[in-house]
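Here is a short briefing to read alongside the model. Take a look at the fold, then follow the points below.

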Amino acid sequence: MTDADPEISNALLSRVRVIEQQPLDARADAYVQLHDALRVRLEGGDALLDD
């Protein structure tokens, strides 16, 4: 396991801050999109480990 990339961590934190400033209904949609993007990234990482 490696430490998180600071650039990725900062980008994620910035994205969450933007989401938190939105109205509740838009915030919910934005979190769904963020969740889906993170899931795809993590599942893609699993596929690389299986090779």
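Buried means under 20% relative accessible area, exposed means over 50%, and partly exposed lies in between (1.4 Å probe, protein chains only). This is a predicted model, in which local features need pLDDT of at least 70 and side-chain atom pairs count only at pLDDT 80 or more, while totals for chains, interfaces and linings use all residues. Residues are numbered from 1 along each chain as its sequence is written, and side-chain values use heavy atoms, with hydrogens and water left out.

**Overall build**
- The protein chain has two helices and zero strands (DSSP runs numbered from the N terminus: H or I of at least four residues for helices, E of at least two for strands).
- Of the 51 residues in the protein chain, 6% are buried.

**Salt bridges**
- Two salt bridges turn up in a search of the whole structure (a side-chain nitrogen of Lys or Arg within 4 Å of a carboxyl oxygen of Asp or Glu).
- Arg39 pairs with Asp36 at 3.9 Å, N to O; these two are three residues apart in helix 2 (residues 24–50), so about one helical turn separates them.
- Arg39 also pairs with Glu43, at 3.3 Å, N to O; here the spacing is four residues, again within helix 2 and about one turn.
- Together, Asp36, Arg39 and Glu43 form a network of salt bridges.
- Each member is partly exposed: Asp36 at 32% relative accessibility, Arg39 at 36% and Glu43 at 44%.

**Largest pocket**
- The largest pocket holds about 400 Å³ of space (a pocket is an open set of points on a 1 Å grid where a 1.4 Å probe fits, with protein on both sides within 12 Å along at least five of seven lines; lining residues have an atom within 4 Å of a point).
- Helix 1 (6–20) and helix 2 are the elements that give two or more residues to its lining.
- Among the lining residues are Ile8, Leu12, Arg15, Leu38 and Arg41.
- By class, the lining has seven nonpolar, one polar and two charged residues (Ala, Val, Leu, Ile, Met, Phe, Trp, Tyr, Cys and Pro are nonpolar; Asp, Glu, Lys and Arg are charged; the others, Gly among them, are polar).

Note on methods
Grid points are joined across faces, edges and corners, and a volume is the space filled by probe spheres set on the points.
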